[in-house]
Amino acid sequence: MYKRVGMQLEKSERDKLKEIKKRLSELSIDFQENIIKDDGVIWFSKNELEGLPDDFFEGRTQKEDKEDGQVKYEVTTKYPDLFPVLRMAKNGETRRRLQVFEAQRCKENVKILEEAVELRFEAAKILGYKSHADFVLENKMAKTVANVEKFEKELRELLEPIAAKELEDMLELKRKDEGAKGANVDDCIYVWDFRYYLRLLKEKLYNVDEEKIKEYFAMENVVSGILSIYQEMLGLKFIQVDNSSGWHKDAQLFEVYNSEDKSFVGHFWMDMHPREGKYTHAACWSLRPGFERADGSRQYPVSAIVANLSKPTPTRPSLLKHDELVTFFHEFGHLMHNICSQTKWSRFHGVEVERDFVEAPSQMLENWCWEPEVLQTFAKHYETNEPIPAEVVTKLVNAKNLGAGLLNLRQIFFGLFDLQLHSLTSSPKVNPIDIVKLYNDLRLQISNVHSGEEETWQVATFGHIMGGYDSGYYGYLWSEVFSADMFYSRFKVEGLKNKKTGYDYKNLVLGPGGSKDGMDILIDFLGREPNNVSFLKSIGIY
Ligand SMILES: [Zn+2]
């Protein structure tokens, strides 16, 4: 710890380090601000936007184009505009123009990133590390650059054949689709084709109708169903406290007890509905950590889960999309990590674990949302009360796995780009690197998706790389692989309702918080070192 903050250094070196850190935080703010401030728009006619639903046009700014006299609609590069167009616009040229426009934003960020990479390298040198990545990974589960590289390489090789097949299926659709219009078809999938043809493929193969599926997920049933599942799995009892006065009348307080010996465990708050000025995502926060007081008594934890599920009205139920259910289940997992943690010190309480491990426990719990036997306990049609049919769930699972090869290769691309950039062992001042080129080349090599002729610099809006994920992007896939191992090797074999498995999960995985290394936690729970076999099975390989 002392070494990592530079306590052992001469004052002049320490001052230099301080300067670098200050500059890095300025750069990071500038980078994110440039992305937020960017308000570029592009205009399309209704014809060019063919395929988009009517509500896409409602209330949208429009103007008459002086040149061709046509009415044009404003489209921004923000997600609620970008993704629908890339998924649904039938016109390939429309998708291409928007994608290129999006990838030509914030050019000034390339310089910012270059400076940051240089400064991160310098700071690592001062602290006595070979590279920035060596410094960052030292206190992560992964530990070394070589471990991350090995992890990514093994997965990449196994994913490539399945991705090649997916690409071929998408290309075949593209040939038919474009060929029918009499267009000249480039025999490759471009960045702007990817979401469009993946959607078509999904519809063709699985015909999943999200609106119909929602009818099984009335909000009250889902929330009470999830609370029951967690209580049963972890041997806990939740008791709602009447008239609790929190930060808003919607916030409800619960006491948590061990169901076996009735001992008290902690408190949590649930604040479930949207309102003005409220945080707009679902998340979990620790409000007070648990720890052992000097006199040996226990300070109990308090944690909160915040979501934005619409309230039902007297005439209309609030129906959730399946992915909202998954998100809520996931966040509730973090809540339980905070509640079930039994550490001596508050520093290691609950989710205070290695960053490349923190998501694994919650990612594991997401698996419950894809199991018919689980969903059927609470997912009942809001009109007929009929449980969700097993074949609907199977369809959902298959549709989820479609594109898994390409999508995971894309994650590997981000991870390896981040790692290459930060594992330089000589100064970029001495050996300059072309960040834009590195990004584009790696994307093509790893994810096999082409970015076209026009010059673009998508890397300038890669927020993670300046938002605290430097040398850490691999963590998404890393923790997912280990979460799959926990689920498939134990719960899936021993039974989702197996008391002993749930007990082990609570005590061996959630209990230690950050007081134990993530790797040791996994070994305790699995009885061996973790591997990627279950993950590959879960996405249909093997
Ligand atoms: Zn999470």
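Modeller: Here is a short tour of confidence, sheets, cores and a few single residues.

Biologist: What should I know before reading any values?

Modeller: This is a predicted model, where local features need pLDDT of at least 70, side-chain atom pairs count only at pLDDT 80 or more, and totals for chains, interfaces and linings use all residues. Residues are numbered from 1 along each chain as its sequence is written, and side-chain values use heavy atoms, with hydrogens and water left out.

Biologist: What is the average pLDDT of the protein?

Modeller: The average is 92, and 99% of the residues score at least 70. pLDDT is the predictor's confidence in each residue, from 0 to 100.

Biologist: Which elements have the lowest and highest mean pLDDT?

Modeller: Helix H1 (residues 2-5) has the lowest, at 78, and strand E5 (residues 252-258) the highest, at 97. Helices (H or I, at least four residues) and strands (E, at least two) are DSSP runs, numbered from the N terminus.

Biologist: Now sheets. What is the strand order in the five-stranded one?

Modeller: The order is E4-E5-E6-E10-E7, in an open sheet with mixed pairing. Strands pair if DSSP finds at least two bridges between them. E4 (236-241) and E7 are the edge strands, each pairing on one side only. The twist averages 25° from one strand to the next. Axes are lines fitted to C-alpha atoms, for helices over the stretch in contact, and angles run from 0 to 180 degrees between N-to-C directions.

Biologist: Which way do the partners of E10 run, parallel or antiparallel?

Modeller: E6 (residues 264-271) pairs with E10 in the parallel sense, over five bridges. E7 (residues 283-288) runs antiparallel to E10, also joined by five bridges.

Biologist: Why is E10 described as largely enclosed?

Modeller: Five of the five residues of E10 (residues 302-306) are buried, so the strand is largely enclosed by the rest of the structure. Buried means under 20% relative accessible area, exposed over 50%, partly exposed in between (1.4 Å probe, protein chains only). One side of E10 holds Val302, Ala304 and Val306, the other Ser303 and Ile305.

Biologist: Which helix lies across E4, E5 and E6?

Modeller: That is H11 (residues 219-234), running at about 140° to E4.

Biologist: And the largest nonpolar core: which residues touch the most other members?

Modeller: Phe332, Met336 and Trp368, out of 138 residues. A nonpolar core is a set of buried Ala, Val, Leu, Ile, Met, Phe, Trp, Tyr and Cys residues joined through side-chain atoms within 4.5 Å. Leaving out residues up to four places away in sequence, phenylalanine 332 touches Leu227, Tyr230, Phe238, Phe268, Met270 and Ile305. Contact means heavy atoms within 4.5 Å. Another core lies apart, with 18 residues, including Val75 and Trp192.

Biologist: What about the three-stranded sheet?

Modeller: Its order is E1-E3-E2, open and antiparallel. E1 (41-45) and E2 (62-64) are the edges. Helix H5 (residues 92-102) packs on this sheet, touching E1 and E3, with its direction at about 175° to that of E1.

Biologist: Last one: where is threonine 144?

Modeller: Threonine 144 is in the loop between H7 (132-137) and H8 (145-180). This threonine is partly exposed, with a relative accessible area of 34%. Its C-alpha is 8.0 Å from that of alanine 133, eleven residues apart in sequence.
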